[in-house]
Amino acid sequence: MTHPSKTKGNSYERELVNSAKEHGLKAKRAYASNGESLGHAADVDLVVEGQRIQAKRRKNLPAYLQPSDTTDAVVFRQDRGESLVLLSWVQYLGLIGSSNGGGMSATMQEIESPMTTRKTTK
């Protein structure tokens, strides 16, 4: 029997691939969550328009990684590390689509603002 956390991860990967396809983008999930099945490193779970993605689903994320109701993204880094950007999946798909000439050719202003859809968690 498959472990519940594995089932949860597989379900999330399928959800992401289906969402990308709904946005008109080419997306494929790696067999058994192993990127080697797609010709990539083992930690790649899915590929969307050539972008290698590792999917992680957690019950809770730290509050400091959650964009507030008045921001669209969070930028963070570890000391002496590279800056990373955290933004919504829909925003990311819009960026991929517009940069690759894919399905969602939209600018950031045209992408649905998280401020209009995000629920307040206070």
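Modeller: Two strands pair if DSSP finds at least two bridges between them. Helices (H or I, at least four residues) and strands (E, at least two) are DSSP runs, numbered from the N terminus. With that, there is an open sheet of 3 strands, ordered β1-β2-β3, with antiparallel pairing.

Colleague: Which strands stand at the edges?

Modeller: β1 and β3 (51-53) do. Each has a single partner strand, so one side of each is left without a neighbour in the sheet. The twist averages 15° from one strand to the next.

Colleague: Before we go on, where do these values come from?

Modeller: This is a predicted model, so local features need pLDDT of at least 70 and side-chain atom pairs count only at pLDDT 80 or more, while totals for chains, interfaces and linings use all residues. Residues are numbered from 1 along each chain as its sequence is written, and side-chain values use heavy atoms, with hydrogens and water left out.

Colleague: What is the mean pLDDT of the protein?

Modeller: The mean is 84, and 82% of the residues reach 70 or more. pLDDT is the predictor's confidence in each residue, from 0 to 100.

Colleague: Where is confidence lowest, and where is it highest?

Modeller: Lowest in helix α3 (residues 114-117), at a mean of 40. Highest in strand β1 (residues 27-29), at 97. Over residues 103-122, pLDDT stays under 50. The model has 33 contacts beyond four places in sequence for that stretch. Contact means heavy atoms within 4.5 Å.

Colleague: OK. How many helices and strands does the protein have?

Modeller: It comes to 3 helices and 5 strands. From the N terminus, the order is α-β-β-β-β-β-α-α.

Colleague: Back to the sheet. How many bridges join β1 and β2?

Modeller: They pair over 3 bridges, in the antiparallel sense. Ala-27 has Val-48 of β2 as its bridge partner. Helix α1 packs on the sheet and touches β1 and β2. The direction of α1 makes about 165° with that of β1. For such angles, axes are lines fitted to C-alpha atoms, for helices over the stretch in contact, and the angles run from 0 to 180 degrees between N-to-C directions.

Colleague: What span should α1 have?

Modeller: The 19 residues of α1 (residues 4-22) should span 27 Å at 1.5 Å a residue. The expected span is 1.5 Å times one less than the number of residues. The end C-alpha atoms of α1 are 27 Å apart, which agrees. After α1 comes Gly-24, with a positive phi near 80°.

Colleague: Which residues of α1 are buried?

Modeller: Asn-10, Glu-13, Leu-16, Val-17, Ser-19 and Ala-20. Buried means under 20% relative accessible area, exposed over 50%, partly exposed in between (1.4 Å probe, protein chains only). Their cover includes β1, β2 (46-48) and α2 (89-99). Across the protein, 26% of the 122 residues count as buried.

Colleague: What does Ser-19 touch?

Modeller: Trp-89 and Leu-93, not counting residues up to four places away in sequence. Ser-19 has a relative accessible area of 15%, so it is buried.

Colleague: And the largest nonpolar core, how many residues has it?

Modeller: It has 11 residues, including Leu-16, Leu-25, Ile-53 and Ile-96. A nonpolar core is a set of buried Ala, Val, Leu, Ile, Met, Phe, Trp, Tyr and Cys residues joined through side-chain atoms within 4.5 Å. α1, β2 and α2 each supply at least two residues of this core. α1 gives the most, with 3 residues.

Colleague: Ala-55 is in that core too. What is it in contact with?

Modeller: Leaving aside neighbours within four places in sequence, Ala-55 is in contact with Tyr-12, Glu-13, Leu-16, Asp-45 and Leu-46.

Colleague: New topic. Where is Glu-49 found?

Modeller: In the loop between β2 and β3. Phi of Glu-49 is positive, near 50°, and this residue is not a glycine. Arg-80 also has a positive phi, of about 60°. Most residues other than glycine have a negative phi. Arg-80 lies in the loop between β4 (73-76) and β5 (84-87).

Colleague: Is Arg-80 buried or exposed?

Modeller: Exposed, at 81% relative accessibility. Gly-35, in the loop between β1 and β2, counts as buried at 0%.
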